[in-house]
Amino acid sequence: MCGDRTAMVGHLGESYQEWVHQPIVSKEGPRFFESDFWEFLTRTAWWAIPTIWLPVVCWCISMSVRMGHTLSQIALMVAFGIFVWTFVEYVLHRFLFHIETKSYWGNTIHYLLHGCHHKHPMDGLRLVFPPAAAAILCIPFWNLIKLCATPSTTPALFGGGLLGYVMYDVTHYYLHHGQPTNQVPKSLKKYHLNHHFRIQNKGFGITSAFWDRVFGTLPQTKAADKAR
């Protein structure tokens, strides 16, 4: 079922970590699956993310509006949901996407989840999260928020988190393929490509470096490295 490259990475053992962090700069990555159906589910154009998920965001927010919340309350809940997403983004990237593996299945799953992105960072169809997988993950996230919030605030909080995810995925694509001219996106692009091509175990934030500052995972500058 798996393609030749996917099957191969499982046998790399302890050398997988070194291998996967030696990027190949090409616009197209390897095939994952022999099945055309499963392969299709692993490739996603960036514009599919806002097209699919922004209507869901609007629907969720409208639910809380219909339950009587004011626009200022909605704005606060959405902003809080976005803020929480930035933390989720950091935690997932640092502790799940960069987990160290050496077993056959560990290497294979990691490669499918995030390793291929580091091996082929310019593959434009594997830069955003596949919608089918995202839809499945929405269920536990919704239930977790429902457990912690009220029935009327849950939709807006979830919508805010989902909006944060959309911003993250679109930003991620832009940092790889966009040509920013303003200072803020230029700095973000430099920061993220530094994570890919220089210091892969630091700089886990995508939309900002805030949580890297909080948890001490800011990468050193080249000047600091030379001074050591």
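**Figure 1. Salt bridges in the predicted model.** The count of salt bridges comes to 5, in a model that is predicted. Side chains of opposite charge can pair when their charged atoms come close. Two of the following views show such pairs, and the remaining views turn to other parts of the chain.

**Figure 2. Salt bridge between glutamate 14 and lysine 102.** The side chains of glutamate 14 and lysine 102 meet with an N to O distance of 3.8 Å. This pair connects distant parts of the chain, its two members being 88 residues apart. Glutamate 14 belongs to the loop between α1 (4-9) and α2 (16-20), whereas lysine 102 belongs to the loop between α5 (71-96) and α6 (104-119). Both glutamate 14 and lysine 102 are exposed.

**Figure 3. Salt-bridge network of Glu39, Arg43, Asp123 and Arg126.** Glutamate 39 pairs with arginine 43 in a salt bridge whose closest N and O atoms are 3.0 Å apart. Arginine 126 and aspartate 123 form a further salt bridge, with 3.6 Å between the closest N and O atoms. Through salt bridges that share partners, Glu39, Arg43, Asp123 and Arg126 are joined into one network.

Figure 4. Glutamine 200 is located in the loop between α9 (183-197) and α10 (210-215). Is this residue, glutamine 200, buried or exposed? Glutamine 200 has a relative accessible area of 16% and so counts as buried, the limit for that class being under 20%. The glutamine 200 side chain comes to 3.0 Å from the backbone oxygen of histidine 196.

**Figure 5. Nonpolar surface patch involving α5 and α10.** Phe80, Phe83, Val84, Phe87, Phe210, Val214 and Phe215 make a nonpolar surface patch of about 630 Å². Helices α5 and α10 each contribute at least two residues to the nonpolar patch. The largest share, 4 residues, is supplied by α5. One of the patch residues, valine 84, is found in helix α5. Valine 84 is partly exposed because its relative accessibility is 34%, which falls between the 20% and 50% limits.

**Figure 6. Phenylalanine 215 and its contacts.** Phenylalanine 215, another member of the nonpolar patch, has its place in helix α10. What are the contacts of phenylalanine 215 once its neighbours within four places in sequence are left aside? Phenylalanine 215 is then in contact with Phe87, Tyr90 and Arg94. Phe87 is itself one of the residues that make the nonpolar patch. The C-alpha atoms of phenylalanine 215 and tyrosine 90 are separated by 10.0 Å, although these two residues are 125 residues apart along the chain. With a relative accessible area of 39%, phenylalanine 215 is classed as partly exposed.

**Figure 7. Glutamine 179 in the loop between α8 and α9.** Glutamine 179 is placed in the loop between α8 (154-177) and α9. Glutamine 179 has 63% relative accessibility and therefore counts as exposed, the cut-off for this class being over 50%. Lysine 189 is 10 residues away from glutamine 179 along the chain, and the C-alpha atoms of the two residues are separated by 8.8 Å.

Figure 8. The unreviewed UniProt entry places a feature named "domain: Fatty acid hydroxylase" at residues 79-217. In the model, residues 79-217 are 70% helix and 0% strand, and the end C-alpha atoms of this span are 25 Å apart. The unreviewed entry also places the feature "transmembrane region" at residues 45-65, 71-92 and 127-145. Residues 45-65 are 86% helix and 0% strand, with 32 Å between the end C-alpha atoms.

Note on methods. Residues numbered from 1 in each chain as written. Predicted model: local features only at pLDDT ≥ 70, side-chain atom pairs only at ≥ 80, totals over all residues. Heavy atoms only, no water. Buried < 20%, exposed > 50% of the residue type's maximum accessible area, 1.4 Å probe, protein only. Polar contact = N/O pair within 3.5 Å; in protein donor to acceptor, adjacent residues only side chain to side chain. Salt bridge = Lys/Arg side-chain N within 4 Å of Asp/Glu carboxyl O. Patch = residues over 30% accessible without salt bridge, like charges linked within 9 Å, V, L, I, M, F, W, Y side chains within 5 Å. Areas by Shrake-Rupley, 256 points an atom, 1.4 Å probe, with all protein chains shown as cover. UniProt positions renumbered as here; feature names shortened; annotations may be inferred. Contact = heavy atoms within 4.5 Å.
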